[in-house]
Amino acid sequence: MKRSEINQILHESDAFIRSFGYLLPPFAYFPPERMLSGETADIRARGMGWDITDYGQGNFADMGLFLFTVRNGHLADLKQGRGMLYAEKIMISRKQQISPMHRHNLKAEDIINRGGGKLVLELFASDESGAIDRDAMVAVPVDGITRRFEAGGRLALKPGESVTLLPGVWHAFWGEGADVLVGEVSTVNDDQSDNVFAQDIPRFTKVQEDEKSLHLLVSDYPGNQ
């Protein structure tokens, strides 16, 4: 993706988020040089901040996702079973924009429709090897009530509704009818190693620097390229 495209998406996404009364934390608006300072070292270490990806496909409108990690614990806390064991993201799933099929090894997450259109999820269970099981039923709690779907079944969440996805549940999602503001509350988030995709695709996008960065992405932080 070109940096100019990313900067435009940052502007559009910030306005969309604000339209629902959700405000990002102050560090969201730090200039790049401040985000690389010692003051923000812990923010960078936790992988908090802006995140825009086209999964390396070069077509953000069809396959992509906007995310902002608001808070995040450390993996060391999760391994010890104490401390900050949680994370929170705000995301935008655009109308008919696919976030591709994937699962997590460690992360359990609640995916919440915060407003806009419907959020549609396609769901599969894992087989014993961790691959997609195209025959087994998959069960997920939807606002505390377990629902069961055939392999590849689709769950449409209206604004206010949510689903809990435990490790091993394969899922892809997209907005239907309109763009969707999506909340995510989860255990510690590790985007470096805890995303298993059905396709051979990268988690982060490669950036073509055609203009200066408005704000740094998480993938711009040193060590995350």
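The model is predicted, so local features need pLDDT of at least 70 and side-chain atom pairs count only at pLDDT 80 or more, whereas totals for chains, interfaces and linings use all residues. Residues are numbered from 1 along each chain as its sequence is written, and side-chain values use heavy atoms, with hydrogens and water left out.

A cavity is a set of points where a 1.4 Å probe fits but cannot get out. A pocket is an open set with protein on both sides within 12 Å along at least five of seven lines. Lining residues have an atom within 4 Å of a point. Grid points are joined across faces, edges and corners, and a volume is the space filled by probe spheres set on the points.

The largest pocket has a volume of about 300 Å³. Its lining comprises 20 residues. Arg44, Ala45, Arg46, Gly47 and Gln192 lie nearest the centre. Two elements give two or more residues to this lining, helix H3 (41-45) and strand S2 (65-72). Helices (H or I, at least four residues) and strands (E, at least two) are DSSP runs, numbered from the N terminus. By class, the pocket lining divides into seven nonpolar, eight polar and five charged residues. Here Ala, Val, Leu, Ile, Met, Phe, Trp, Tyr, Cys and Pro count as nonpolar, Asp, Glu, Lys and Arg as charged, and the others, Gly among them, as polar.

The structure holds two cavities of 30 Å³ or more. The largest cavity contains about 140 Å³ of space. It is lined by 18 residues, and Leu65, Leu67, His102, His104 and Asn195 lie nearest its centre. Elements giving two or more residues to this lining are S2, strand S3 (86-93), strand S4 (99-103), strand S5 (109-126) and strand S11 (170-187). S11 gives the most, with three residues. The lining of the largest cavity has seven nonpolar, five polar and six charged residues.

The second largest cavity has a volume of about 40 Å³. Its lining consists of Phe27, Ala28, Phe30, Met35, Gly49, Trp50, Phe68, His215, Leu216 and Tyr221. Eight of these are nonpolar, two are polar and none is charged.

S4 is mostly covered, with five of its five residues buried (under 20% relative accessible area; exposed means over 50%, partly exposed in between; 1.4 Å probe, protein chains only). S4 pairs with S11 in the antiparallel sense over two bridges. Two strands pair if DSSP finds at least two bridges between them. Ser99 has Phe173 in S11 as its bridge partner. S4 also pairs with strand S12 (residues 196-197), again antiparallel and over two bridges. In that pairing, His102 stands opposite Phe197.

Strand S7 (residues 138-142) has two faces. Val138, Val140 and Val142 form the covered face, and Ala139 and Pro141 the uncovered one. S7 and strand S8 (residues 145-149) pair in the antiparallel sense over five bridges. Val138 stands opposite Phe149 in S8. The S7 and S8 hairpin has two residues between the strands. Asp143 takes a positive phi near 50 degrees there.

Ser162 counts as buried because its relative accessibility is 11%. Leaving aside neighbours within four places in sequence, Ser162 is in contact (heavy atoms within 4.5 Å) with Ile111, Ile112, Pro141, Val142, Asp143 and Leu157.

Ser13 lies in helix H1 (residues 3-18). Ser13 is buried, with a relative accessible area of 2%. Beyond neighbours within four places in sequence, Ser13 is in contact with Phe66 and Ile92.

Gly58 sits in the loop between strand S1 (49-53) and S2. Gly58 counts as exposed because its relative accessibility is 63%. Gly58 and Lys158 are 100 residues apart in sequence and 29 Å apart in space, C-alpha to C-alpha.

Note on methods:
On a 1 Å grid over the protein atoms alone, a cavity is a set of points where a 1.4 Å probe fits but cannot get out, and a pocket is an open set with protein on both sides within 12 Å along at least five of seven lines; lining residues have an atom within 4 Å of a point.
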